[in-house]
Amino acid sequence: MDTFNHLIGMAQEGLFESVIQPVLYKLGLSGVIEDAYDATLWLIAGLLQIAVLICVIGPLQRWRPVEAVTDRRAVRLDILYTIIHRLGVFRVALFFAIDPFWDDIFGTLHVWGLATLQLDQLWPGVTDNPLVSLAIYLLIFDLVEYLYHRAQHTFEWMWALHAVHHSQRQMTMWSDNRNHLLDDVLHDIVIVVVSQLIGVPPAQFVAIVAILQLVESFSHANLRLHFGRWGERLLVSPRFHREHHGIAYETTPTGKVVGSNYGVIFPIWDVLFRTGRFDGKFGPTGIADQLPDAGGHDYGETFLAQQWLGFKRLFTLRRRRSREA
């Protein structure tokens with residue numbers, strides 16, 4: 001772990017000094033040098049993730065695909081979403097726009113003597129081991145992800161945004177980041193607040209997010225793979241998550257998917273909360289009302305259309321509730 005951290009640190013320093021810092025000076029942005037150095041770590045994490053996608057998960061998809069890729073335009077759009085998120089464009093935007101706000105809040109709390117919890121210090125000699133603390137943090141964040149994901153399918157206003165993600169009929173390893181930007185902002189706020197509350201070190205926070213994202217990319221892969229009767233209950237597989245995206249799921253009159261299999265890494269939460277389905281199906285994906293005989297609802301075929309229609313669904317829901325009130 002120490003060797004890996006050292007190598008990442010060297011890569012961060014090298015990339016920053018050779019590329020990022022000169023560009024910032026040339027643009028007259030020397031005032032953000034310190035923040036930009038931290039943001040460089042997100043860029044490195046994103047580059048590593050994309051390398052894993054291309055070199056590992058990609059070949060697996062070609063080895064045992066669930067279905068032939070027929071809508072390459074939709075896949076290319078998902079790649080755009082991935083680049084925006086994994087190469088740090090979205091994360092850096094949040095870094096400069098929102099993170100300072102949270103830093104001020106938690107800094108004020110510390111001044112008032114309201115210190116946040118330091119989970120890695122609960123059991124000195126054990127929980128302060130980097131691998132042990134990483135495992136604990138992953139378990140906690142996986143539970144948070146489960147609860148947030150379930151909320152996206154429970155509250156109509158959240159589903160109005162999350163539907164962007166489920167509207168993909170050609171699911172591949174690139175589909176994980178196909179999200180409404182407002183949905184991503186809300187999600188990241190929750191994750192950042194939790195990380196601050198439990199005292200996750202910045203470097204470990206980047207590692208946790210990277211691991212979560214890689215597992216999600218794998219679970220979205222167009223890959224006919226499962227882990228067997230018991231393995232499916234230990235780790236989320238492409239089959240387990242594909243059931244979550246299954247177009248056959250029951251929907252509400254507003255199109256909100258009622259489904260299951262909300263877990264990101266560990267299906268244990270779906271088992272404990274009785275939301276898991278282990279039917280072993282590799283069915284088609286999407287939202288039921290996209291089908292022609294169900295109205296052929298339009299969720300957008302371009303980035304801007306998907307973002308706009310997400311806002312439109314949100315505003316329509318608000319107007320409907322105002323009339324009902």
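Reply: Buried means under 20% relative accessible area, exposed over 50%, and partly exposed in between, with a 1.4 Å probe and protein chains only. This is a predicted model, in which local features need pLDDT of at least 70 and side-chain atom pairs count only at pLDDT 80 or more, while totals for chains, interfaces and linings use all residues. Residues are numbered from 1 along each chain as its sequence is written, and side-chain values use heavy atoms, with hydrogens and water left out.

Me: Is Arg274 buried or exposed?

Reply: Arg274 is exposed because its relative accessible area is 78%. Arg274 sits in the loop between helix 12 and helix 13 (303-324); helices here are DSSP runs of H or I with at least four residues, numbered from the N terminus.

Me: What is the phi of Arg274?

Reply: Most residues other than glycine have a negative phi. For Arg274 phi is near 60°, a positive value in a residue other than glycine. Asn261 also has a positive phi, near 55°. Asn261 is placed in the loop between helix 11 (238-244) and helix 12, and counts as buried because its relative accessible area is 0%.

Me: Which residues form the nonpolar patch on the surface?

Reply: A patch is made of residues with over 30% relative accessible area and no salt bridge; like charges are joined within 9 Å and nonpolar side chains (Val, Leu, Ile, Met, Phe, Trp, Tyr) within 5 Å. A salt bridge puts a side-chain nitrogen of Lys or Arg within 4 Å of a carboxyl oxygen of Asp or Glu. Accessible areas come from the Shrake-Rupley method with a 1.4 Å probe, and for residues only the protein chains shown count as cover. Here the patch consists of Leu147, Ile268, Val271, Leu272 and Phe273, with about 430 Å² of accessible area together. Helix 12 (residues 268-272) gives the largest share, three residues. Ile268, in helix 12, is partly exposed because its relative accessible area is 33%.

Me: Which side chains make a polar contact with His165?

Reply: A polar contact is a pair of N or O atoms within 3.5 Å; within protein, one must be able to donate a hydrogen and the other to accept it, and residues adjacent in sequence count only if both atoms are side-chain atoms. The His165 side chain pairs in this way with the side chains of Asn179, at 3.3 Å, and His220, at 3.0 Å. His165 belongs to helix 7 (residues 156-166) and is buried, with a relative accessible area of 5%.

Note on methods
Helices (H or I, at least four residues) and strands (E, at least two) are DSSP runs, numbered from the N terminus.
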